[in-house]
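Please open the model in your viewer and keep the sequence panel beside it.

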Amino acid sequence: MAAATPGELIPIDASNWHAALRVRVGEEQLKHVADYQPVGLVVLAKAYVRPGGLRWEPLAFVVDDRIVAVLALAYGDRSVEIINLAVDVDHQRQGVGAAVVAEVLRRARTRDLDVVELTVHPDNAAAIALYRNVGFEPTDDVRDGERFMRYRL
């Protein structure tokens, strides 16, 4: 895997996909993230299948040359959705989730998008608090029992 600077979002590709599959969440968290481990495999499958016909980008978040989180971004015309964000169990509660979201917002601004969206499980209080602290607002939209949250750029 190529060296990366701390706190960097990089594509999951042929050079690092094995490392991305090492990201694990606690079993009790799976219902909040993807239902299946490794979450990186779910991210790669969705990027290949492209649900909704959107353009999908599988990403890893690297800190100190180690992949500590995975996610997918699904792009619409003027929006992007954060999907299956999973922070490795050994790196949770260390600001990684907030750093990932900040980097996604930075990318969205550079791509001249209007909105960043995500869904969050109603029982995932930590994630809801994180997203609200960053500036995401809940909407009335629901998908598969999860509430949409939206950040307007």
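Select Asp-65, which sits in the loop between strand E2 (55-63) and E3, where helices (H or I, at least four residues) and strands (E, at least two) are DSSP runs numbered from the N terminus. Its phi is near 65°, a positive value in a residue other than glycine, and Asp-65 is partly exposed, with a relative accessible area of 43%. For these labels, buried means under 20% relative accessible area, exposed over 50%, and partly exposed in between, with a 1.4 Å probe and protein chains only.

This is a predicted model, in which local features need pLDDT of at least 70 and side-chain atom pairs count only at pLDDT 80 or more, while totals for chains, interfaces and linings use all residues. Residues are numbered from 1 along each chain as its sequence is written, and side-chain values use heavy atoms, with hydrogens and water left out.

Now select Gln-37 and Pro-38, which are joined by a cis peptide bond with omega about -10°; Pro-38 belongs to the loop between H2 and H3.

Move on to helix H4 (96-110), whose 15 residues reach 21 Å from the first C-alpha to the last, close to the 21 Å expected at 1.5 Å a residue; the expected span is 1.5 Å times one less than the number of residues. Colour the buried residues of H4, among them Val-96, Gly-97, Val-100, Glu-103 and Arg-107. Just after H4, Asp-112 takes a positive phi of about 55°.

Which residues line the largest cavity? Select Leu-73, Tyr-75, Val-80, Val-104, Arg-107, Ala-108, Arg-111 and Leu-113. The elements that give two or more residues to this lining are strand E3 (66-75) and H4, and H4 gives the most, with 3 residues. The volume of the largest cavity is about 30 Å³. On a 1 Å grid over the protein atoms alone, a cavity is a set of points where a 1.4 Å probe fits but cannot get out, whereas a pocket is an open set with protein on both sides within 12 Å along at least five of seven lines; lining residues have an atom within 4 Å of a point. Grid points are joined across faces, edges and corners, and a volume is the space filled by probe spheres set on the points.

For the largest pocket, which holds about 1,100 Å³ of space, begin with His-32, Val-33, Leu-85, Asn-124 and Tyr-131, which lie nearest its centre among the 42 lining residues. Elements supplying at least two residues of the lining include helix H2 (30-33), helix H3 (39-49) and strand E4 (79-87), and E4 gives the most, with 7 residues.

Finally, zoom out to the whole protein, which has 5 helices and 7 strands in the pattern β-α-α-α-β-β-β-α-β-α-β-β along the sequence. Its C-alpha atoms fill a box of roughly 40 × 35 × 30 Å, taken along the principal axes, and buried residues make up 48% of the 153 residues.
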